[in-house]
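Here are my notes on the model you sent over. Have it open while you read.

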Amino acid sequence: MRIKTLSVSEVNGYIKKIFAGDLILNNLSVRGEISNLRLVTQRNAYFFSLKDSYSSIQCVMYLNAMESLNFIPADGMEITAHGKVALYEKNGSYSLNIDSMEPYGVGAYYIAFNTLKRKLETEGLFDRAHKRSIPQYPEKIGVITSINGAAVHDIIKVLSGRYPYVEVDILPITVQGDKAADEICRAFNAMNNMDDIDLIILARGGGSVEDLWPFNEEKVARAIYASRCPVISAVGHETDFTISDFVADARAATPTEAAAMAVPDRNALMENIEQYKTYLVRYMEDTIIRGERHLEFIVKSSPLSRPEMFFEKYDGKLNQLKQLLAYHMAQYINRKQMETQLLEKQLQTLNPLDVLKRGFAIIYSKDKGLISDAGKVQVNDEIMVRLHNGLINCRVEEVSGIE
Amino acid sequence: MNEMNFEGSMKRLEEIVNTLQQGNLNLEESVNLFEEGIRLSNFCREALMKARMKVNILIEENGIFKEMGYEGENGEKPQL
């Protein structure tokens, strides 16, 4: 039997039709490792191979499909791709035309982690400016963790050892598995509704990447970000970083460290208090000593120590007044003396004896009576004439009247 | 004195020491602050010495979380 001879184009066209009509080839999910990834800008597509230990297949992914990925593919990455197989008629090669893909296995966690981290970082959920400070002396701390793990035990031990003054509310949650993220969100909600909690510790002991996964989920990150109380995140061991750690106000390497960050140390506080007290007492002593010295100085330097100083100014005033008094007294006396002299002079002009100096005489009778009437004198009477400087005894020889 | 809490007392004590360190106070003011400071430091020390940590566990009842005393894993007080 003869078969019909076909052109190359017809063969490729035929195979293309078969591929296009095949249900499986049009709706494939393929797992493999990316290799030889390259961008071909003329065709707006990435080209790469997906391979496993034995085979490889050419892949193409157009840029518009690429944009919806939540990770950036790279060589060596294990992925699960979805698409269809199509033939390129020109050279008879076929390739997997990928419309979506996602990371596979542990790598998937890593990629999802980085993708969410980038997203939240861009949104500002990790911004320093949003971080609240951990209260210095919290009164009540909410602890969101498993009730069965070592974490809760470590936290209680450290808190009570460092600062037993604090009260602790534990909200038990499942820390791993599908329900964990929702339980954490509910716990944040419950604790933020209790108005006396002033700090929240979100804690979990060590575990595998899968175990720690709830702490890398977006809703947990947003619950931490929205929390009224400051949050310390302590998930896993020192080397484990979770999205919760980045969003939280503080990250502790371990639950033990979280508890130590949350409260001050009692012994250190006691020491501080003692120092304050010592300072207060010394301050008071200093104040008293300073006061005493000041008082001493005042007593020494003031009139209290030389009371006469009080009187010095009065002394001066008194002297002044004394002098003034003496002066006015002398003036007064002078004036009075002058007045007296004047009066004496006036008096002297009225002294009848003075008249005698001018040649007048006073005549007395024998019995010293003053004679002012010639009629009372008779001849032979003895009379006495008084001049200003002597007495003359006389005998009357004649008496005659004067007309 | 009954209404005092540790945080407020501690902060007030620090404030008093700072105020005294800055000086510029008259005798009466500094004596008052001194007395208050000594009272606060005694209160804070007492509070720390006497404190026994209270641990509650939050149990949900009909959508409301209630505090229950936490006795530790084996019904014992947590090892403090």
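Which residues lie nearest the centre of the largest pocket?

1. This is a predicted model, with local features needing pLDDT of at least 70, side-chain atom pairs counting only at pLDDT 80 or more, and totals for chains, interfaces and linings using all residues. Residues are numbered from 1 along each chain as written, chains are lettered from A and ligands numbered from 1 in the order written, and side-chain values use heavy atoms, leaving out hydrogens and water.

2. On the pocket: A:R43, A:F47, A:V60, A:Y88 and A:S95 lie nearest its centre, out of 15 lining residues. A pocket here is an open set of points on a 1 Å grid over the protein atoms alone, where a 1.4 Å probe fits, with protein on both sides within 12 Å along at least five of seven lines; lining residues have an atom within 4 Å of a point.

3. Strands β3 (56-62), β4 (78-88) and β5 (93-103) of chain A each give that lining at least two residues. Strands are DSSP runs of E, at least two residues, and helices runs of H or I, at least four, numbered from the N terminus.

4. Overall, chain A has twelve helices and 13 strands. Its C-alpha trace spans about 240 × 55 × 35 Å along the principal axes.

5. Now the helices: α5 (residues 180-193) and α7 (residues 218-226) of chain A pack at about 10 degrees, axes 9 Å apart. (Axes are lines fitted to C-alpha atoms over the stretch in contact; angles run from 0 to 180 degrees between N-to-C directions.) That makes α5(A) roughly parallel to α7(A), a label for angles under 35 degrees.

Definitions and conventions
Parallel < 35°, antiparallel > 145°, perpendicular 65-115°, else oblique.
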